[in-house]
Amino acid sequence: EEKTGLQDFLHINDFDKGTILKILDRAKEVKALLKSGERTYLPFKGKTLAMIFAKPSMRTRVSFETGFYLLGGHAIFLGPKDIEMGKREETRDVARVLSRYNDIIMARLFAHQDLLDLAKYASVPVINGLTDYNHPCQIMADALTMIEHIGQIEGTKVVYVGDGNNIVHSWLLLAAVIPFHFVCVCPKGFEPDAKTVEKAQQAGVGKIEITHDPKEAVKGADVVYSDVWASMGQKEEAEYRRKVFQGFQVDEELMKIAGPQAYFMHCLPAERGVEVTNGVVEAPNSIVFPQAENRMHAQNAIMLHSLGL
Ligand code: CP
Ligand code: NVA
């Protein structure tokens, strides 16, 4: 359906640099307002948000629900057992029914195609709360966190250490819009999607590298970023992956090689002692909790943009 004045948020590179930076600016502004204790800015008043979760979540669920409420709206949580999208009911029917009750839909799903179908058939904006393919709200929050701690994204070096997964795809698509140096250092066979790498490289905006030597890659990084080695839907591979990913743990030694300027980031949840040591998560240069907090502020701004507010 036509969404006049409304916009889905499915991939970072669906937007140009100006729009992404504008959303991040708005996030800063509304964050400051909420942090000041101000509770009279209620742009979502009278509006409802449907949240579809096919996978578990803490941050995404709580940040969307809290953020939408704090700005005057009401959010509805639909867990894996509630609507069973694609099983109990077809995605295109879910999309059209929810669009008649709700002003906006957020979905966390397995197959990315299901999200695209949901967005196609919904007449209200659909926000991507993570799929097997990408996690754009996370990377918007990460970008906001970098702006707060480093001052900018442009010109920085971000080194992601681990599995070439959904988080990496969103970083690649951010580098297709904003010029910075993004390195994904991963074991051979665990590279990000080749088409996405190509798309990001062909955009000719950021410098993009896929490499296999963590010690070489992290040198001079402004951000060293880690995520779980086995994502949701891959948990039965966890043991096997622990073997293959030997040498890709972010530990104190790797952070030292990166240099004193390097911040540690992780989208969380983290498995301490697996992809990252406890010491690195707890170190003074770890910004994982401000990063988690920023999920809410980034998403508030994304929803404001999607609703044309
Ligand atoms: N980072 C993130 O999306 O966390 P949850 O899986 O808890 O939502
Ligand atoms: N790559 C992880 C991110 C969790 C926020 C997963 O998909 O499980």
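1. Ser306 is buried, with a relative accessible area of 1%. The cut-off for calling a residue buried is under 20% relative accessible area, so Ser306 qualifies at 1%. This residue is found in helix α12, which covers residues 288–306. The model is a predicted one, and the points below should be read with that in mind.

2. What lies around Ser306? Leaving aside neighbours within four places in sequence, Ser306 is in contact with Gly5, Leu6, Gln7, Asp8, Phe9, Ile104, Pro125 and Ile127. Ser306 and Leu6 are 300 residues apart in sequence, yet their C-alpha atoms are 5.4 Å apart in space. A polar atom of the Ser306 side chain also lies 2.8 Å from the backbone oxygen of Gln7.

3. Thr131 and Lys215 are 84 residues apart along the chain, and their C-alpha atoms are separated by 30 Å. Thr131 sits in the loop between β4 (126–128) and α5, and counts as buried at 0% relative accessibility. Not counting residues up to four places away in sequence, Thr131 touches Lys55, Leu109, Phe110, His112, Leu115 and Asn166. With one of these, His112, there is a polar contact from side chain to side chain, at 3.0 Å.

4. His135 is placed in the loop between β4 and α5. Is His135 buried or exposed? At 3% relative accessibility, His135 counts as buried. Setting aside residues up to four places away in sequence, His135 touches Thr60, Arg108, Gly129, Leu130, Asn166, Ile167, Ser170 and Arg295. His135 is also one of the residues around ligand 1.

5. Which residues are around ligand 1? They are Ser57, Met58, Arg59, Thr60, Arg108, His135, Gln138, Cys267, Leu268 and Arg295. An N or O atom in the side chain of Ser57 is 2.6 Å from an oxygen atom of ligand 1. Arg108 has a polar side-chain atom 2.8 Å from an oxygen atom of this ligand. Leu268 takes part through its backbone: a polar backbone atom of Leu268 is 2.8 Å from a nitrogen atom of ligand 1. On its own, ligand 1 has 250 Å² of accessible area, and the protein covers 95% of that.

6. Ligand 2 is surrounded by Leu130, Asn165, Asn166, Asp227, Val228, Ser231, Met232 and Leu268. The side chain of Asn166 has an N or O atom 2.8 Å from an oxygen atom of ligand 2. Taken alone, ligand 2 exposes 270 Å², of which the protein buries 95%. Leu268 is listed around ligand 2 and also around ligand 1.

7. In soluble globular proteins, nonpolar side chains tend to be buried together. Here the largest nonpolar core has 60 residues. Which residues have the most contacts inside this core? They are Trp171, Leu174 and Phe182. Helix α5, residues 136–150, gives the most to this core, with 8 residues. Apart from this core lies another, of 25 residues, among them Val161, Val183, Leu254 and Phe264.

8. Trp171 is buried, with a relative accessible area of 0%. Leaving aside its neighbours within four places in sequence, Trp171 is in contact with Ile139, Asp142, Met146, Val158, Phe180, Phe182 and Tyr225. Phe182 likewise counts as buried, at 0% relative accessibility.

9. A search of the whole structure finds 10 aromatic pairs. One of them, Trp171 with Phe182, is stacked, at 5.9 Å centre to centre and 10 degrees between the planes. Trp171 lies in helix α6 (residues 166–175) and Phe182 in strand β6 (residues 181–185), so this pair ties together parts that are 11 residues apart in sequence. Another pair, Phe245 and Phe248, is edge-to-face, at 6.5 Å centre to centre and 75 degrees between the planes. Both Phe245 and Phe248 are buried.

10. Ring pairs also form a cluster, linking Tyr160, Trp171, Phe180, Phe182 and Tyr225.

How values were computed
Residues are numbered from 1 along each chain as its sequence is written. Chains are lettered from A and ligands numbered from 1 in the order in which they are written. This is a predicted model: local features need pLDDT of at least 70, side-chain atom pairs count only at pLDDT 80 or more; totals for chains, interfaces and linings use all residues. Side-chain values use heavy atoms; hydrogens and water are left out. A nonpolar core is a set of buried Ala, Val, Leu, Ile, Met, Phe, Trp, Tyr and Cys residues joined through side-chain atoms within 4.5 Å. Buried means under 20% relative accessible area, exposed over 50%, partly exposed in between (1.4 Å probe, protein chains only). Helices (H or I, at least four residues) and strands (E, at least two) are DSSP runs, numbered from the N terminus. Contact means heavy atoms within 4.5 Å. A residue is near a molecule or strand if one of its heavy atoms lies within 4 Å of it. A polar contact is a pair of N or O atoms within 3.5 Å; within protein, one must be able to donate a hydrogen and the other to accept it, and residues adjacent in sequence count only if both atoms are side-chain atoms. Accessible areas come from the Shrake-Rupley method with a 1.4 Å probe; for residues, only the protein chains shown count as cover. Rings of Phe, Tyr and Trp (its six-membered ring) pair if their centres lie within 6.5 Å; planes under 30 degrees apart count as stacked, over 60 as edge-to-face and the rest as tilted.
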